[in-house]
Amino acid sequence: MHVLEEIPVMLDHTEIQGNFRTGSTEWAKRLEQLVETVQPLVFAKAVYKIAYVDSRRADGLDIDSVRFTSKVLRKNLDEARRVFPYVVTIGNALEDKMRLCTDALDQYFLDTVGTIAVVKARNHLEEHLRSKFHLERLSFMGPGSLPDWPIQEQRPLFALLGDVEGAIGVKLTQTLLMSPLKSLSGIYFPTQVPFFSCQLCPRENCPSRKAKYSEMLAKEYGIG
Ligand code: SF4
């Protein structure tokens with residue numbers, strides 16, 4: 001297991017403003033203050049492993065002898081042998097702050113800024129993998145992002161990684177959420193064509209959508 005400590009995450013309030021649909025000066029000032037509050041509460045770390053696909057089935061595959069069930073993951077890894085399971089987190093300091101916050105709007109802002117911070121930390125991990133392993137393009141999938149790869153698959157993912165809690169302090173709760181909450185998990189894999197789970201997700205009006213839904217692609221993946 002490889003650990004990245006002290007991942008630099010720089011939060012820029014002007015960049016973050018674009019994530020919200022309101023634009024009053026008063027609101028922008030408040031957001032700037034909140035971003036300044038969040039910045040020292042971000043302690044980003046990541047853990048990853050170099051793992052190998054060792055067998056494939058119609059509805060899934062084994063990686064380092066750990067069984068995963070997902071047609072989409074299986075198809076995405078058809079050409080891959082080496083993959084990079086990972087967990088990334090910004091720690092629990094922001095979560096502790098949010099628990100003490102009584103203003104619902106501030107809570108919402110803090111939550112959104114926390115999500116932006118953990119995504120930035122994952123981007124750093126992606127760059128690290130790309131440069132260390134000389135990979136042109138990487139995509140990722142996370143358990144729970146599609147019904148085809150449900151949240152229950154966090155168990156084999158954590159089993160594949162090993163002692164994630166000992167390495168970066170992230171554990172799985174009984175409901176299979178991660179603690180700290182501002183953590184992300186998944187598998188990075190080399191790819192020729194970028195893949196986004198959103199391409200296979202028909203959910204309407206999702207503010208986090210990264211790519212258009214494609215019914216044709218969903219059929220190609222056997223889930224349409
Ligand atoms: S569209 Fe939204 S819910 Fe669906 S996979 Fe993308 S981010 Fe997740």
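**Ligand shell, helix packing and backbone geometry**

By class, the shell around the ligand comprises three nonpolar, three polar and two charged residues, where Ala, Val, Leu, Ile, Met, Phe, Trp, Tyr, Cys and Pro count as nonpolar, Asp, Glu, Lys and Arg as charged, and the others, Gly among them, as polar. The residues around the ligand are Ser145, Ser197, Cys198, Cys201, Arg203, Cys206, Ser208 and Arg209, a residue being near a molecule if its C-beta atom, placed from the backbone, lies within 6 Å of it. The model is predicted, so that local features need pLDDT of at least 70 and side-chain atom pairs count only at pLDDT 80 or more, whereas totals for chains, interfaces and linings use all residues. Residues are numbered from 1 along each chain as its sequence is written.

The protein contains eight helices and 10 strands, these being DSSP runs numbered from the N terminus (helices H or I, at least four residues; strands E, at least two). Its radius of gyration, taken over C-alpha atoms, is 18 Å, close to the 17 Å that the globule rule gives for 224 residues, so the protein is as compact as a globular protein of that length; the rule is 2.2 Å times the number of residues to the power 0.38. The C-alpha trace spans about 55 × 40 × 35 Å along its principal axes.

The axes of helix H2 (residues 25–38) and helix H5 (residues 104–132) come within 10 Å and cross at roughly 55°, with axes fitted as lines to C-alpha atoms over the stretch in contact and angles running from 0 to 180 degrees between N-to-C directions. That angle makes H2 oblique to H5, given that angles under 35 degrees count as roughly parallel, over 145 as roughly antiparallel, 65 to 115 as roughly perpendicular and the rest as oblique. Leu31, Leu34, Val35 and Val38 of H2 make the contact with Asp106, Phe109, Leu110, Val113, Gly114 and Ala117 of H5 (C-beta atoms, placed from the backbone, within 7 Å), and by class this contact has eight nonpolar, one polar and one charged residues.

The axes of helix H4 (residues 93–100) and H5 likewise come within 10 Å, crossing at roughly 170°, which makes H4 roughly antiparallel to H5. Here the contact is made by Leu94, Lys97 and Met98 of H4 and by Gln107, Leu110, Asp111 and Gly114 of H5, with three nonpolar, two polar and two charged residues.

As for the backbone, a cis peptide bond with omega of about 0° joins serine 179 and proline 180, and proline 180 is placed in the loop between strand E9 (178–179) and strand E10 (183–190). Glutamate 6, found in strand E1 (residues 2–7), has a phi near 50°, a positive value in a residue other than glycine.

Terms used
Two residues are in contact if their C-beta atoms, placed from the backbone, lie within 7 Å.
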